[in-house]
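Open the structure in a viewer and keep the selection tool ready. The stops below say what to select next and what is there.

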Amino acid sequence: MSLDKKTALVTGAARGIGLSIASRLAADGARVAVLDLDAEAGRAAASKIGAGTMAIAADVTKTSEVESAVSRVVEQWGRLDILVNNAGITGRSVPIWELSDEDWRRVIDVDLTSVFLCCRAAVKVMLGQGAGRIINIASIAGKEGNPTLVPYSTAKAGVIGLTKALAKEVCTRGILVHAVAPAVIDTELLQQMEKSTVDLLVSKIPMGPAACELRAEAICEWAERAGVSRSWSGPWPRNHRPPCPRPSPRAPAAPGRPS
Ligand SMILES: NC(=O)c1ccc[n+]([C@@H]2O[C@H](COP(=O)([O-])OP(=O)(O)OC[C@H]3O[C@@H](n4cnc5c(N)ncnc54)[C@H](O)[C@@H]3O)[C@@H](O)[C@H]2O)c1
(Lines give C-alpha, C1' and ligand atoms only; values in the text may rest on other atoms or scores of the structure.)
Protein backbone atom coordinates (compact mmCIF):
# COMPACT_ATOMS: atom_id res chain seq x y z
CA MET A 1 0.00 0.00 0.00
CA SER A 2 1.27 3.50 -0.71
CA LEU A 3 0.96 6.14 1.98
CA ASP A 4 2.91 8.71 0.02
CA LYS A 5 2.23 12.25 1.34
CA LYS A 6 0.23 10.86 4.28
CA THR A 7 1.19 11.76 7.83
CA ALA A 8 0.83 9.56 10.89
CA LEU A 9 1.04 9.92 14.65
CA VAL A 10 1.81 6.68 16.52
CA THR A 11 1.68 6.74 20.33
CA GLY A 12 3.97 4.54 22.40
CA ALA A 13 6.16 4.09 19.32
CA ALA A 14 9.57 4.01 21.00
CA ARG A 15 9.54 0.22 21.16
CA GLY A 16 7.46 -2.91 20.72
CA ILE A 17 4.32 -2.96 18.62
CA GLY A 18 4.26 0.83 18.20
CA LEU A 19 7.78 0.88 16.77
CA SER A 20 6.84 -1.89 14.31
CA ILE A 21 3.74 0.00 13.20
CA ALA A 22 5.63 3.30 12.85
CA SER A 23 8.39 1.57 10.84
CA ARG A 24 5.86 -0.07 8.54
CA LEU A 25 3.95 3.19 7.94
CA ALA A 26 7.25 4.93 7.13
CA ALA A 27 8.29 2.09 4.80
CA ASP A 28 4.99 2.58 2.98
CA GLY A 29 5.81 6.26 2.45
CA ALA A 30 4.14 8.07 5.37
CA ARG A 31 5.81 10.79 7.41
CA VAL A 32 5.57 9.49 10.95
CA ALA A 33 5.58 11.17 14.37
CA VAL A 34 6.87 8.81 17.06
CA LEU A 35 5.23 9.85 20.34
CA ASP A 36 6.42 8.34 23.60
CA LEU A 37 6.77 9.14 27.29
CA ASP A 38 10.32 7.81 27.08
CA ALA A 39 11.93 10.75 25.29
CA GLU A 40 15.33 9.16 24.75
CA ALA A 41 13.96 5.89 23.35
CA GLY A 42 11.52 7.88 21.20
CA ARG A 43 14.36 9.91 19.67
CA ALA A 44 16.38 6.73 19.05
CA ALA A 45 13.35 5.07 17.41
CA ALA A 46 12.71 8.10 15.17
CA SER A 47 16.32 8.22 13.98
CA LYS A 48 16.29 4.44 13.38
CA ILE A 49 13.14 4.75 11.25
CA GLY A 50 14.88 7.44 9.23
CA ALA A 51 14.55 10.85 7.67
CA GLY A 52 11.12 12.41 7.71
CA THR A 53 10.37 10.96 11.15
CA MET A 54 9.62 13.25 14.09
CA ALA A 55 10.05 12.34 17.78
CA ILE A 56 7.56 13.81 20.24
CA ALA A 57 8.07 13.36 23.98
CA ALA A 58 4.63 13.42 25.57
CA ASP A 59 2.40 11.74 28.12
CA VAL A 60 -0.82 10.55 26.49
CA THR A 61 -2.71 10.91 29.77
CA LYS A 62 -2.25 14.70 29.73
CA THR A 63 -4.72 16.72 27.66
CA SER A 64 -2.31 19.62 27.03
CA GLU A 65 0.52 17.31 25.89
CA VAL A 66 -1.78 15.37 23.56
CA GLU A 67 -3.16 18.54 22.00
CA SER A 68 0.25 20.08 21.50
CA ALA A 69 1.52 16.82 19.93
CA VAL A 70 -1.30 16.89 17.37
CA SER A 71 -0.66 20.61 16.75
CA ARG A 72 3.05 19.92 16.18
CA VAL A 73 2.26 17.36 13.49
CA VAL A 74 -0.14 19.75 11.75
CA GLU A 75 2.30 22.70 12.02
CA GLN A 76 5.15 20.58 10.63
CA TRP A 77 3.35 18.66 7.89
CA GLY A 78 0.08 20.54 7.36
CA ARG A 79 -2.22 17.61 8.12
CA LEU A 80 -2.79 14.47 10.19
CA ASP A 81 -4.02 11.50 8.19
CA ILE A 82 -3.45 8.53 10.50
CA LEU A 83 -3.56 8.19 14.28
CA VAL A 84 -2.50 4.93 15.92
CA ASN A 85 -3.40 4.80 19.62
CA ASN A 86 -0.89 2.23 20.77
CA ALA A 87 0.65 3.48 24.06
CA GLY A 88 -0.31 1.18 26.88
CA ILE A 89 0.59 -0.59 30.08
CA THR A 90 -0.83 -3.70 31.72
CA GLY A 91 -0.17 -2.53 35.26
CA ARG A 92 0.58 -5.10 37.98
CA SER A 93 -1.02 -8.49 37.48
CA VAL A 94 -2.64 -9.14 40.85
CA PRO A 95 -6.16 -10.09 41.96
CA ILE A 96 -8.65 -7.29 42.59
CA TRP A 97 -8.29 -7.46 46.37
CA GLU A 98 -4.63 -6.49 46.06
CA LEU A 99 -5.21 -3.53 43.73
CA SER A 100 -4.88 0.02 45.01
CA ASP A 101 -6.95 2.94 43.73
CA GLU A 102 -3.76 4.21 42.10
CA ASP A 103 -3.21 0.88 40.25
CA TRP A 104 -6.74 1.15 38.83
CA ARG A 105 -6.57 4.84 37.90
CA ARG A 106 -3.17 4.63 36.22
CA VAL A 107 -4.19 1.79 33.88
CA ILE A 108 -7.53 3.41 33.02
CA ASP A 109 -5.72 6.72 32.36
CA VAL A 110 -2.95 5.30 30.17
CA ASP A 111 -5.00 2.69 28.30
CA LEU A 112 -8.44 4.27 27.96
CA THR A 113 -8.56 7.99 28.77
CA SER A 114 -5.54 8.52 26.52
CA VAL A 115 -7.44 7.03 23.58
CA PHE A 116 -10.30 9.46 24.20
CA LEU A 117 -7.88 12.42 24.43
CA CYS A 118 -5.93 11.48 21.29
CA CYS A 119 -9.06 10.67 19.25
CA ARG A 120 -10.72 13.95 20.25
CA ALA A 121 -7.67 16.02 19.28
CA ALA A 122 -7.12 14.14 16.00
CA VAL A 123 -10.77 14.04 14.93
CA LYS A 124 -10.98 17.87 15.15
CA VAL A 125 -8.18 18.04 12.55
CA MET A 126 -9.52 15.15 10.44
CA LEU A 127 -13.02 16.68 10.27
CA GLY A 128 -11.48 19.79 8.70
CA GLN A 129 -9.63 17.61 6.18
CA GLY A 130 -12.70 15.48 5.48
CA ALA A 131 -10.45 12.41 5.82
CA GLY A 132 -8.58 10.36 8.38
CA ARG A 133 -7.84 6.90 9.73
CA ILE A 134 -7.68 5.93 13.41
CA ILE A 135 -6.45 2.56 14.66
CA ASN A 136 -6.82 1.76 18.34
CA ILE A 137 -4.70 -1.05 19.73
CA ALA A 138 -7.06 -2.85 22.10
CA SER A 139 -6.40 -6.38 23.38
CA ILE A 140 -7.98 -9.80 23.58
CA ALA A 141 -8.18 -8.93 27.31
CA GLY A 142 -10.93 -6.47 26.42
CA LYS A 143 -12.93 -9.21 24.73
CA GLU A 144 -12.26 -12.15 27.05
CA GLY A 145 -11.45 -10.55 30.42
CA ASN A 146 -8.17 -11.85 31.86
CA PRO A 147 -7.84 -12.86 35.53
CA THR A 148 -5.36 -10.73 37.53
CA LEU A 149 -5.76 -8.02 34.88
CA VAL A 150 -9.05 -6.37 35.89
CA PRO A 151 -8.02 -2.73 35.16
CA TYR A 152 -6.34 -3.69 31.87
CA SER A 153 -9.26 -5.86 30.69
CA THR A 154 -11.70 -3.09 31.64
CA ALA A 155 -9.70 -0.39 29.87
CA LYS A 156 -9.33 -2.45 26.70
CA ALA A 157 -13.06 -3.31 26.67
CA GLY A 158 -13.58 0.45 26.91
CA VAL A 159 -11.29 1.00 23.92
CA ILE A 160 -13.42 -1.42 21.89
CA GLY A 161 -16.62 0.41 22.91
CA LEU A 162 -15.07 3.81 22.20
CA THR A 163 -13.94 2.59 18.77
CA LYS A 164 -17.42 1.36 17.83
CA ALA A 165 -19.16 4.53 19.01
CA LEU A 166 -16.66 6.92 17.40
CA ALA A 167 -16.62 4.94 14.15
CA LYS A 168 -20.37 5.48 13.86
CA GLU A 169 -20.05 9.20 14.61
CA VAL A 170 -17.49 9.93 11.91
CA CYS A 171 -17.80 7.23 9.21
CA THR A 172 -19.84 9.50 6.95
CA ARG A 173 -17.21 12.25 7.18
CA GLY A 174 -14.30 10.38 5.58
CA ILE A 175 -12.87 9.16 8.90
CA LEU A 176 -12.61 5.43 9.55
CA VAL A 177 -11.94 4.10 13.04
CA HIS A 178 -10.82 0.53 13.73
CA ALA A 179 -9.55 -1.46 16.68
CA VAL A 180 -7.13 -4.38 16.67
CA ALA A 181 -7.14 -6.86 19.56
CA PRO A 182 -3.87 -8.81 19.78
CA ALA A 183 -3.33 -11.73 22.16
CA VAL A 184 0.26 -12.10 23.42
CA ILE A 185 3.18 -10.50 21.59
CA ASP A 186 6.68 -10.85 22.96
CA THR A 187 7.54 -7.26 23.94
CA GLU A 188 8.76 -5.47 27.07
CA LEU A 189 5.10 -5.10 28.11
CA LEU A 190 5.10 -8.73 29.28
CA GLN A 191 7.66 -7.87 31.97
CA GLN A 192 4.98 -5.86 33.80
CA MET A 193 3.03 -9.07 34.50
CA GLU A 194 3.71 -12.07 36.74
CA LYS A 195 5.13 -15.05 34.83
CA SER A 196 2.10 -17.12 35.89
CA THR A 197 -0.21 -14.61 34.18
CA VAL A 198 1.85 -14.60 30.96
CA ASP A 199 1.97 -18.43 30.97
CA LEU A 200 -1.82 -18.58 31.36
CA LEU A 201 -2.34 -16.17 28.45
CA VAL A 202 0.10 -18.04 26.18
CA SER A 203 -1.54 -21.38 27.08
CA LYS A 204 -4.79 -20.15 25.51
CA ILE A 205 -3.12 -19.59 22.10
CA PRO A 206 -3.54 -22.70 19.92
CA MET A 207 -0.12 -22.17 18.26
CA GLY A 208 1.55 -21.48 21.62
CA PRO A 209 4.64 -19.28 22.10
CA ALA A 210 5.54 -19.47 18.40
CA ALA A 211 2.57 -17.19 17.68
CA CYS A 212 3.88 -14.51 20.08
CA GLU A 213 6.84 -13.33 18.04
CA LEU A 214 6.71 -9.61 17.22
CA ARG A 215 6.59 -9.27 13.45
CA ALA A 216 5.60 -6.11 11.62
CA GLU A 217 4.01 -8.24 8.90
CA ALA A 218 1.73 -9.87 11.46
CA ILE A 219 0.57 -6.47 12.64
CA CYS A 220 -0.21 -5.50 9.08
CA GLU A 221 -2.12 -8.76 8.67
CA TRP A 222 -4.29 -7.85 11.64
CA ALA A 223 -4.85 -4.43 10.16
CA GLU A 224 -5.79 -5.96 6.85
CA ARG A 225 -8.27 -8.28 8.50
CA ALA A 226 -9.80 -5.26 10.17
CA GLY A 227 -10.20 -3.71 6.71
CA VAL A 228 -7.68 -1.00 7.54
CA SER A 229 -5.18 -1.55 4.78
CA ARG A 230 -7.94 -1.90 2.20
CA SER A 231 -9.20 1.53 3.11
CA TRP A 232 -5.64 2.94 3.22
CA SER A 233 -4.74 1.61 -0.19
CA GLY A 234 -8.05 2.41 -1.84
CA PRO A 235 -9.10 5.85 -2.95
CA TRP A 236 -8.59 8.35 -0.14
CA PRO A 237 -12.08 9.73 0.31
CA ARG A 238 -12.50 13.47 0.73
CA ASN A 239 -15.84 14.35 2.26
CA HIS A 240 -16.80 10.83 1.29
CA ARG A 241 -20.34 9.99 2.39
CA PRO A 242 -21.02 6.28 2.09
CA PRO A 243 -24.70 5.52 1.91
CA CYS A 244 -26.10 4.70 5.32
CA PRO A 245 -27.88 1.34 5.40
CA ARG A 246 -31.60 1.92 5.35
CA PRO A 247 -34.05 -0.41 7.06
CA SER A 248 -35.72 -2.61 4.48
CA PRO A 249 -39.41 -1.94 4.08
CA ARG A 250 -41.33 -4.02 6.56
CA ALA A 251 -43.08 -7.04 5.16
CA PRO A 252 -46.79 -6.82 5.75
CA ALA A 253 -47.76 -8.75 8.86
CA ALA A 254 -49.25 -12.15 8.21
CA PRO A 255 -52.94 -12.24 8.98
CA GLY A 256 -53.52 -12.98 12.62
CA ARG A 257 -49.88 -12.24 13.61
CA PRO A 258 -49.07 -9.15 15.65
CA SER A 259 -47.06 -6.60 13.66
N1 LIG B 1 2.45 -7.17 23.85
C2 LIG B 1 1.28 -7.77 23.96
O3 LIG B 1 1.18 -8.97 24.25
C4 LIG B 1 0.02 -7.01 23.71
C5 LIG B 1 -1.17 -7.74 23.56
C6 LIG B 1 -2.36 -7.05 23.35
C7 LIG B 1 -2.35 -5.67 23.27
N8 LIG B 1 -1.16 -5.00 23.42
C9 LIG B 1 -1.24 -3.55 23.38
O10 LIG B 1 -0.36 -3.06 22.40
C11 LIG B 1 0.12 -1.78 22.78
C12 LIG B 1 1.64 -1.75 22.70
O13 LIG B 1 2.15 -2.74 23.57
P14 LIG B 1 3.66 -3.24 23.53
O15 LIG B 1 3.62 -4.68 23.83
O16 LIG B 1 4.35 -2.78 22.31
O17 LIG B 1 4.22 -2.49 24.83
P18 LIG B 1 5.67 -1.88 25.16
O19 LIG B 1 5.74 -1.82 26.65
O20 LIG B 1 6.72 -2.62 24.44
O21 LIG B 1 5.57 -0.41 24.56
C22 LIG B 1 4.64 0.52 25.07
C23 LIG B 1 5.16 1.92 24.83
O24 LIG B 1 4.18 2.84 25.34
C25 LIG B 1 4.88 3.90 26.01
N26 LIG B 1 4.02 4.54 26.99
C27 LIG B 1 3.54 4.01 28.15
N28 LIG B 1 2.83 4.92 28.84
C29 LIG B 1 2.82 6.04 28.07
C30 LIG B 1 2.26 7.33 28.25
N31 LIG B 1 1.56 7.65 29.36
N32 LIG B 1 2.44 8.26 27.28
C33 LIG B 1 3.17 7.96 26.17
N34 LIG B 1 3.74 6.76 25.97
C35 LIG B 1 3.58 5.82 26.91
C36 LIG B 1 6.07 3.22 26.66
O37 LIG B 1 7.09 4.15 26.99
C38 LIG B 1 6.48 2.21 25.58
O39 LIG B 1 7.45 2.74 24.71
C40 LIG B 1 -0.43 -1.52 24.18
O41 LIG B 1 -1.60 -0.73 24.09
C42 LIG B 1 -0.78 -2.90 24.66
O43 LIG B 1 -1.80 -2.89 25.64
C44 LIG B 1 0.00 -5.63 23.63
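**The sheet**

Select isoleucine 82: this residue stands opposite arginine 133 in β5. The model is a predicted one, in which local features need pLDDT of at least 70 and side-chain atom pairs count only at pLDDT 80 or more, while totals for chains, interfaces and linings use all residues. Residues are numbered from 1 along each chain as its sequence is written.

Now show strand β4 (residues 82–85) and strand β5 (residues 132–137), which pair in the parallel sense over four bridges. Strands here are DSSP runs of E of at least two residues, helices are runs of H or I of at least four, and both are numbered from the N terminus. Two strands pair if DSSP finds at least two bridges between them.

**The helices**

Select helix α4 (residues 101–129) and helix α6 (residues 150–170), which pack at an angle of about 15° with their axes 9 Å apart. That makes α4 roughly parallel to α6 (angles under 35 degrees count as such). Axes are lines fitted to C-alpha atoms, for helices over the stretch in contact, and angles run from 0 to 180 degrees between N-to-C directions.

Colour the contact next: it includes Trp104, Ile108 and Phe116 of α4, and Tyr152, Val159 and Leu166 of α6. Contact here means C-beta atoms, placed from the backbone, within 7 Å. By class, the contact of α4 with α6 has 15 nonpolar, one polar and three charged residues. Ala, Val, Leu, Ile, Met, Phe, Trp, Tyr, Cys and Pro count as nonpolar, Asp, Glu, Lys and Arg as charged, and the others, Gly among them, as polar.

**The ligand**

What surrounds the ligand? There are 26 residues, the closest being Gly12, Gly16, Gly88, Thr187 and Leu189; a residue is near a molecule if its C-beta atom, placed from the backbone, lies within 6 Å of it. Helix α1 (residues 16–27) gives the most to this shell, with three residues.

How values were computed
Angles under 35 degrees count as roughly parallel, over 145 as roughly antiparallel, 65 to 115 as roughly perpendicular and the rest as oblique. Two residues are in contact if their C-beta atoms, placed from the backbone, lie within 7 Å.
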